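I start with a term I need, then go ring by ring.

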Amino acid sequence: MADFLANYSIQKWLESCPQGYLEDTVYGHGPDESEPAELLQNDDYREQQIRTTVQLIAGERCALAASSGLVNAAPDQASKTFLATQTLDEGRHVEIFTQRLYDLGVKPNDLETTIKTYINPHLGKFAEVLLEKIDKKDFVAGVVGQNIVLEGMAFSVFEMLHAGAEASNPKFAHTLSGTIADERRHVGFGENRIGELIRRYPEKKPEVQRMQREMTKHMLATFHEAFARNGSPAEARTGAPQKDRAGPTYQGLNLAEASNEEMESALSATVLKEFKTRLGRIGLEYQSPN
């Protein structure tokens, strides 16, 4: 375990993050990058992007509360040290997505009202299930919920958003690139650290699997409501119409032409496939909410 945790030290974090892929960025993107003019001038598209960004902030606020709460629940110093770096990562994510709301025209005084207006209620329930485990200082369930379920979901959502924004909104795409790199490291810690603890405490399996089933139920409901609220698929998701060029793709799906139902199906299938793979690696069986 010691060798594995040495790869999650503060020194490694400094070298890979602030001195690595985040070097010379401002709020996670290039200092000269800005939101596209066609987005800021299109009220419907701008509102859709505000709604999407609010969900990212809500998810990252949950991750910040969870990772900071897990520091004191961790059974060893090396895990506490990694979770301290993850806490800073999550705090940075909250900050960069909050800054994006400001870039989209939301006034700082209207931040909390905007979040309350647009937050998906199912995402709030998803967070409650996880934070209940954190409040009880349940390290095994907390890390599975945080670093496998929540971070696994965020990883796939960020990848889909990145695919849609890469050509039409480089600023947002670059912001997402840094968060994807962070999430990949967080998921890696969860898989490596919890696998050993699940083998040591097999009696924890039923409780952890019940939590995963409940979080998955709320996650799928979040996706369903989010895509049901989307407007015109092409312009709402990718900005300018894509008639003169190939549309962005995600899991083989043309994002500019796909229906909302096809988008929801592709994202859900991707996340669930990843869940099954990652849970299997740590000795747990995926539990379907159906």
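I note the cut-off before anything else: a residue is buried when its relative accessible area is under 20%. I also note that this is a predicted model.

Entry one. I looked up Tyr8. Its relative accessible area is 13%, so Tyr8 falls under the 20% cut-off and is buried.

Entry two. I looked for ring pairs. The structure has four aromatic pairs. One of them joins Tyr8 and Phe82. I found their ring centres 5.1 Å apart and their planes at 90°, so I wrote this pair down as edge-to-face.

Where do Tyr8 and Phe82 lie? Tyr8 is in the loop between helix H1 (2–6) and helix H2 (10–21). Phe82 is in helix H5, residues 77–103. The pair therefore ties together parts 74 residues apart in sequence.

I followed Phe82 to another partner, Phe189. This pair is stacked, with 4.1 Å from centre to centre and 20° between the planes. Phe189 sits in helix H9 (residues 170–200) and Phe82 in helix H5, so this pair links parts 107 residues apart in sequence. Phe82 and Phe189 are both buried. I put Tyr8, Phe82 and Phe189 down as one aromatic cluster.

I turned to charges over rings. The charged end of Arg100 sits over the ring of Phe172, 3.7 Å from its centre. Arg278 lies over the face of Phe155, 5.5 Å from the ring centre.

Definitions and conventions. Residues numbered from 1 in each chain as written. Predicted model: local features only at pLDDT ≥ 70, side-chain atom pairs only at ≥ 80, totals over all residues. Heavy atoms only, no water. Phe/Tyr/Trp six-rings, centres within 6.5 Å; stacked < 30°, edge-to-face > 60°. Helix = DSSP H or I, 4+ residues; strand = E, 2+ residues; numbered from the N terminus. Buried < 20%, exposed > 50% of the residue type's maximum accessible area, 1.4 Å probe, protein only. Lys NZ or Arg CZ within 6 Å of the ring centre and 35° of its normal.
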